[in-house]
Amino acid sequence: SAASDVYKRQPVHAVEDVTFGVKPGERFGIVGESGCGTTTTAMTILRLIKPPAYVDRGRVLLNGTDLLALDDESMHRRRWSEVSMVMQGAMNSLSPVTRVRQQIVDAITTHEGKAPGRILEKRVRDLLGVVGLPGQTADLFPHELSGGMKQRVCIAMAIALSPKLIVADEPTSSLDVVTQRVVIQTLIEVQERLGASLILIGHDMGLQAQIVQRMGVMYAGRMVETGNVEQIYSDPLHPYTQLLIESIPSVRERKMPRGIPGLPPSLLHPPPGCLFEARCPLAMDVCRQVIPPLRELKPGHFAACHLY
Ligand code: SF4
């Protein structure tokens with residue numbers, strides 16, 4: 001088709017210039033509208049990007065090792081054992097015809113090799129206990145579990161090999177509000193218990209504020225602001241972050257949430273300057289011509305905007 005011809009001619013940069021660091025044991029949030037590159041960023045960290053998409057350049061350093069430079073076998077060994085992922089709608093990735101026990105056992109033995117059944121059974125029960133599920137859950141098939149229980153099984157699988165980093169991409173997106181809280185609480189508890197770092201991707205600024213210590217805001221495939229939660233919420237520097245925060249519904253103030261008018265630009269034909277320019281109430285001439293780089297404007301607080 002004409003559209004696929006266009007794609008063949010020029011690569012589309014779904015994610016570009018994304019830089020951030022996560023400290024050991026820290027929870028780092030990434031916020032952005034759907035389609036802004038957050039999932040691509042998560043998949044890149046775990047090297048799960050599939051053709052025709054590819055990673056053109058960059059590094060993903062985990063304790064000094066560049067994951068993007070590893071051969072497939074070495075990466076396979078590190079995936080789940082050092083860095084694991086709870087995917088969006090992960091519960092749908094469970095096999096419908098396999099009992100929970102076997103799915104968790106498979107996750108363990110694929111990486112660690114065979115082990116006596118008695119030991120595996122204990123690990124399955126311990127893992128289920130850690131995510132707040134009764135041991136009998138091991139006997140059930142996924143369709144016998146609620147959405148929240150399934151997502152907790154996925155968390156149990158993600159932590160089965162005690163990874164140093166957990167990437168959770170909208171882990172509660174298809175759950176009701178009450179179950180969301182329980183699942184997020186479970187995720188925090190297991191992360192703290194393991195002493196692992198957590199990258200939590202989501203679009204709910206209000207929820208993120210209660211969970212993470214530092215965060216990054218993505219827009220149209222780029223990181224536009226990073227800082228600690230206090231900096232981002234009390235002193236947002238990027239106009240997009242400011243509008244996102246204004247759009248958080250507030251029960252106390254009874255204000256109507258304001259959406260952000262307009263749409264992100266087409267990444268097929270991105271504008272030459274700031275990608276937020278068409279929606280930005282503070283845009284200037286320079287914004288139409290020059291891409292603003294992410295710069296440290298206050299200690300530990302970075303933003304990509306020509307206003308500063
Ligand atoms: Fe707005 Fe310009 Fe800043 Fe972009 S660089 S966010 S257009 S002020």
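**Loops, a helix pair and a buried glutamine**

Ser162 is partly exposed, with a relative accessible area of 45% (buried means under 20%, exposed over 50% and partly exposed in between, using a 1.4 Å probe and protein chains only). The model is predicted, so local features need pLDDT of at least 70 and side-chain atom pairs count only at pLDDT 80 or more, while totals for chains, interfaces and linings use all residues. Residues are numbered from 1 along each chain as its sequence is written, and side-chain values use heavy atoms, leaving out hydrogens and water.

Ser162 sits in the loop between α6 (147-159) and β5 (165-169) (helices are DSSP runs of H or I with at least four residues, strands runs of E with at least two, numbered from the N terminus). Its phi is near 50°, a positive value in a residue other than glycine. Glu170, in the loop between β5 and α7 (177-194), also has a positive phi, of about 45°. With 14% relative accessibility, Glu170 counts as buried. Another backbone feature is the cis peptide bond from Pro51 to Pro52, with omega near 10°. Most residues other than glycine have a negative phi, and most peptide bonds are trans.

Turning to the helices, the crossing of α4 and α5 is right-handed (the near helix is turned clockwise from the far one by less than a right angle). Residues of this contact divide into eight nonpolar, one polar and five charged (Ala, Val, Leu, Ile, Met, Phe, Trp, Tyr, Cys and Pro count as nonpolar, Asp, Glu, Lys and Arg as charged, and the others, Gly among them, as polar).

Finally, Gln208 is found in helix α8 (residues 205-211), and at 3% relative accessibility Gln208 counts as buried.
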